[in-house]
Amino acid sequence: MAKKSIIDFRQMIKSGEKISFLTAYDYLTAKYEERAGIDMILVGDSLGNVELGYDSTIPVTMDEMISHASAVRRGAPDTFIIGDMPFMSYQISDETAIINAGRFIKEAGCDAIKLEGAGKQICDRVRAIAGVGIMVMGHIGLTPQFTAKLGGLKAQGKTAEAARKLVEEAKELEEAGCFAILIEGVPAIVGKAIKENTSIPILSIGGGSYADGQLLIYADMLGYYDDFTPKFVKRYCNIGEIVQKAFSDYIREVKSGEFPDDSIHSYKIKPEEAEKIETELCKKK
Ligand code: KIV
C-alpha cells in the first residue's frame, strides 16, 4: 500500500472516511501497525512515560525522539509518520525550532512534526517551521508539556468561555500554517465546535467523535501501559496480562528444567559425534 499524503487525508475526510492514528515508539510496534493498515503514526513524546519510564514527557530529549522515530520509520516504511517535538526543542527560538523539526525529517525520515500549544509565540514557531516547507500538526486542549500551567492532566474546555478560547486557538494555528490540529482531552461538543470553525483535518485523542480521525497511545489500547489510564481510552486487548503470564511460565519452566527440551530446542549433530563428545569431553556420565 502506498504511503498516504495530506492529499489522501483531505480526500478521506471529503468522502467521510475517518483517519486512524496510533502512537508507536519502536520498530516492532510500527511494523504491526503498518501491517494492520494504520493511516498515520505519531512518535509521541509520551515515549517518556510509556517506554522510558519517566513520570512525565518533560525529560525527553531530541536525541531520544530521533532514535525512536528512526526505528518507527524502519518498521513502517509506507506510513505517514509524525515526530513530536519534545519540551524545549521549539520553545526557545524560531531557529532552534526549525533545526529540530528538520532533524525529524532529515535524520528520522518523518513526514511531519507536531508541537503543543497556542498563542502568538507558538504560532510564530509554526509559521517559521511551515515556512521552510515542513508540515506542522498543532496540538491543543490537554497539552502534557503544559501540565504545570494547566494544574494537572485535566480535561480542558469545560466551559463555554474555555471552549471559545480553544476555537480561537485552533483558528490561529490554522492561519499560522498548521496542516492539521490534534485536540486532546476536551468534551465532544468542543471537538465539534473546533471542527466546524476550521477547515484543516482535526484529529482527536479524547476529544470526541466529531473529529476527522482518532488517535490513541498504542500501549493504552493494548492494555500494556497500566500506570495511568485516561477516561478516553478504550482497551482492545489485555496484552500486559498475556506478556506477564508468558514471563511467569518461562521462569517456572527454566527453574523446573522443563525448558529447554533438547529434543526440540537444541541443535542436531551426528550421533557418532555426540558419542565422542560424551565419552571424551563430558565429565558426568
Ligand atoms: O506524546 C504523545 O503521544 C501525544 C499524545 C498524547 C497526543 O502528544
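What covers the buried residues of α8? In this predicted model, where residues are numbered from 1 along each chain as its sequence is written, local features need pLDDT of at least 70, side-chain atom pairs count only at pLDDT 80 or more, and totals for chains, interfaces and linings use all residues. Side-chain values use heavy atoms, and hydrogens and water are left out. Helices (H or I, at least four residues) and strands (E, at least two) are DSSP runs, numbered from the N terminus.

The cover of the buried residues of α8 includes α6 (120-131), β5 (135-141), β6 (180-184) and α9 (188-196). Buried means under 20% relative accessible area, exposed means over 50%, and partly exposed lies in between (1.4 Å probe, protein chains only). The buried residues of α8 are A163, L166, V167, E169, A170, L173 and A176. An α-helix has 3.6 residues a turn, so residues three or four places apart point the same way. After α8 comes G177, with a positive phi near 120°.

The strands come next. Two strands pair if DSSP finds at least two bridges between them. Strand β1 (residues 19-23) and β2 run parallel and are joined by three bridges. F21 has M40 as its bridge partner in β2. Between these strands the chain passes through helix α2 (residues 27-36), and this β-α-β crossover is right-handed. A crossover is right-handed if, with the strands pointing away from the viewer, the path from the first strand over the helix to the second runs clockwise. In strand β2 (residues 40-43), M40 and L42 point one way. I41 and V43 point the other way, and all are buried.

Strand β2 also pairs with strand β3 (residues 80-84). Four bridges join them, and they run parallel. M40 has F80 as its bridge partner in β3. L42 stands opposite I82. Strand β3 is mostly covered, with five of its five residues buried. F80, I82 and D84 point one way, whereas I81 and G83 point the other way. Strand β3 is joined in turn to strand β4 (residues 112-116) by three bridges, and the two run parallel. D84 stands opposite K114 in β4. The chain goes from β3 to β4 through helix α5 (residues 94-106), and this β-α-β crossover is right-handed.

Aromatic rings were then searched. Rings of Phe, Tyr and Trp (its six-membered ring) pair if their centres lie within 6.5 Å; planes under 30 degrees apart count as stacked, over 60 as edge-to-face and the rest as tilted. The whole structure holds four aromatic pairs. One of them joins F9 and F80, with ring centres 5.1 Å apart and planes at 85°, so the pair is edge-to-face. This pair links distant parts of the chain, as F9 in helix α1 (residues 6-14) and F80 in strand β3 are 71 residues apart. F9 is buried at 1% relative accessibility. F80 is buried too, at 2%. The rings of Y250 and F259 have centres 6.0 Å apart and planes at 55°, so this pair is tilted. F259 is partly exposed, with a relative accessible area of 31%. F9, F80 and F179 form one aromatic cluster.

Charges also sit over rings. The criterion is NZ of Lys or CZ of Arg within 6 Å of the ring centre and within 35 degrees of the ring normal. R35 lies over the face of Y32, 5.1 Å from the ring centre. The charged end of K192 sits over the ring of Y210, 5.7 Å from its centre.

Two loop positions complete the picture. G206 lies in the loop between β7 (202-205) and β8 (213-216). G206 counts as buried, at 18% relative accessibility. Contact means heavy atoms within 4.5 Å. Not counting residues up to four places away in sequence, G206 touches E184, G185, V186 and F232. K231 lies in the loop between α10 (218-221) and α11 (239-256). K231 is exposed, with a relative accessible area of 85%.
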